[in-house]
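Hello,

Here is the structure we spoke about. Please open it beside this message, and my notes follow below.

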Amino acid sequence: MAKTATYDGSAAGGPRASTAGDDARNINTRGSHIAPGEIAIGVVIGRASEYFDFFVYAIASVLVFPSVFFPFADKLQGTLYSFILFSFAFIARPIGTVIFMAIQRRYSREAKLTLALFMLGLSTAGIAFLPTYARLGGAALILLSVLRIGQGLALGGSWDGLPSLLALNAPENKRGWYAMLGQMGAPVGFILAGGLFAFLLHSLADKDFLEWGWRYPFYVAFAINVVALFARLRLVSTPEYAHLLDENELQPTGVFEMVGSQGRNILIGALAALASYALFHLVTVFPLSWIQLYSLRDVGDFLVVQIIGAAIALVCVILSGLIADRFGRRNTLGSLAVLIAIFSASVPSLMNGGEFGQNVFVLLGFALLGLSYGQAAGAVTANFPARFRYTGAALTSDLAWLVGAGFAPLVALGLSAHFGLAYVSLYLLSGAVGSLAALSLNRALEIRN
């Protein structure tokens, strides 16, 4: 192990003098090989904490921010303004990836991950302490925007390479199973965040919830980030982990070299999962905003239905691993894109179908989301040569979120409010078509090559 302790994240395996990063690895070394199951635990912990942050902000964007930060606008306009700020993190995310990859090349992966997760935690906690528009005026909106951008930059920087390492070290006939493990973080994060907001909505008067109750989930998100940071560093700082990354050439690459050499693969990878990412916000954030604005249903009760849907999605994420190992990951993604296209036609009838129709939309949508999103991460990252896979997987994920999900709540609510729910169907259908086109192009290029 003495030899592996001399590696760092700045070069592809070259020896050099010991640094603070090496000292951290030596402290945490256990003298044994890291099994895929152990990597999987790090993936699940990391993704669940990030998704909890993600959904705390998303739910607050619907239930809190229109009233607290946009009281000068009507409810619809305030929610649309809130969704504009919501999109800032997705715009900042690829920028954060580029910045923090440079930090990793200059210092170490431990320094990058620590800085990114502290930035994420501080941005989230900052929102909890943020004065409202009534107290601070337009400055409150500027601060909220800055903190949201901070979350996006930090999420880009929190890429630790664990999903790529897991995919490369998983047994050949279990790639789909191990691929879905990180995706479990999405439904788990929604269940925790939604459950916390549902509890507060049912326990507090509306005035108390809007004055101080909504801040509590952001405090919890900060605490979870601190725990997740140490759990991930415990794995990331080991010599065994560093050696596995170096051995598989999973090191950061310059963005210009990456885009110049692998731009086609990044674009195909981002579009391949477009249906999943578009559906992601159309069953989580959008219906919650639509119920809040246009339905007499209690929004807390509807949130409970979504939590049940997320539990169904969790089961379906697990099932997606079994299905993908049986039929292939890309075949699974393609088949689910077709099902999502069919499902898109039902949006108007179900959302206008009263409580029963809305519940069916949420539960069925979450089931499809679990099956598709379970295999959405890195379905075509095998296209990347080894030395580009670390950065390529991160940028592919960033662009998939930006193109597929970043503006989905804003577009869906704007379309439904001004033109009708049928246009939401077309929006979701376009995502499914984009996925099928990218998967077909990827297969055609493979055959040609």
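In which helix is the place of Phe54? Phe54 sits in helix α2, which covers residues 36–63. Bear in mind that this is a predicted model.

Is Phe54 buried or exposed? Its relative accessibility is 7%, and buried means under 20%, so Phe54 counts as buried. Set aside its neighbours within four places in sequence, and Phe54 is in contact with Phe86, Phe90, Phe280, His281 and Trp401. Gly152 is 98 residues away from Phe54 along the chain, yet their C-alpha atoms are separated by 9.7 Å.

Now the chain as a whole. It has 449 residues, and 57% of them are buried. It holds 23 helices and zero strands. Take the contacts with a separation of 6 or more: 84% of them join residues 24 or more positions apart. The accessible surface comes to about 17300 Å². Carbon and sulfur atoms account for 68% of that surface.

Two helix pairs are worth a look.

Helix α4 runs over residues 75–106 and helix α16 over residues 285–294. They pack at an angle of about 160 degrees, with their axes 10 Å apart. Angles over 145 degrees count as roughly antiparallel, so α4 is roughly antiparallel to α16. The crossing is right-handed. On the α4 side, the contact uses Lys75, Leu76, Thr79 and Phe83. On the α16 side, they meet Val285, Ser289, Leu293 and Tyr294. By class, the residues of this contact are five nonpolar, two polar and one charged.

The second pair is α15 and α18. Helix α15 spans residues 274–282, and helix α18 spans residues 329–344. Their axes lie 9 Å apart, and the packing angle is about 45 degrees. That makes α15 oblique to α18. Here the crossing is left-handed. From α15 come Ala275, Ser276 and Leu279. From α18 come Leu333, Ala337, Ile340 and Phe343. The contact has six nonpolar residues, one polar residue and no charged ones.

Then go to the contact of α4 with α16, and on to that of α15 with α18.

Best wishes

Methods
Residues are numbered from 1 along each chain as its sequence is written. This is a predicted model: local features need pLDDT of at least 70, side-chain atom pairs count only at pLDDT 80 or more; totals for chains, interfaces and linings use all residues. Side-chain values use heavy atoms; hydrogens and water are left out. Axes are lines fitted to C-alpha atoms, for helices over the stretch in contact, and angles run from 0 to 180 degrees between N-to-C directions. Helices (H or I, at least four residues) and strands (E, at least two) are DSSP runs, numbered from the N terminus. Angles under 35 degrees count as roughly parallel, over 145 as roughly antiparallel, 65 to 115 as roughly perpendicular and the rest as oblique. A crossing is left-handed if the near helix is turned anticlockwise from the far one by less than a right angle, and right-handed if clockwise. Contact means heavy atoms within 4.5 Å. Ala, Val, Leu, Ile, Met, Phe, Trp, Tyr, Cys and Pro count as nonpolar, Asp, Glu, Lys and Arg as charged, and the others, Gly among them, as polar. Buried means under 20% relative accessible area, exposed over 50%, partly exposed in between (1.4 Å probe, protein chains only). Accessible areas come from the Shrake-Rupley method with a 1.4 Å probe; for residues, only the protein chains shown count as cover.
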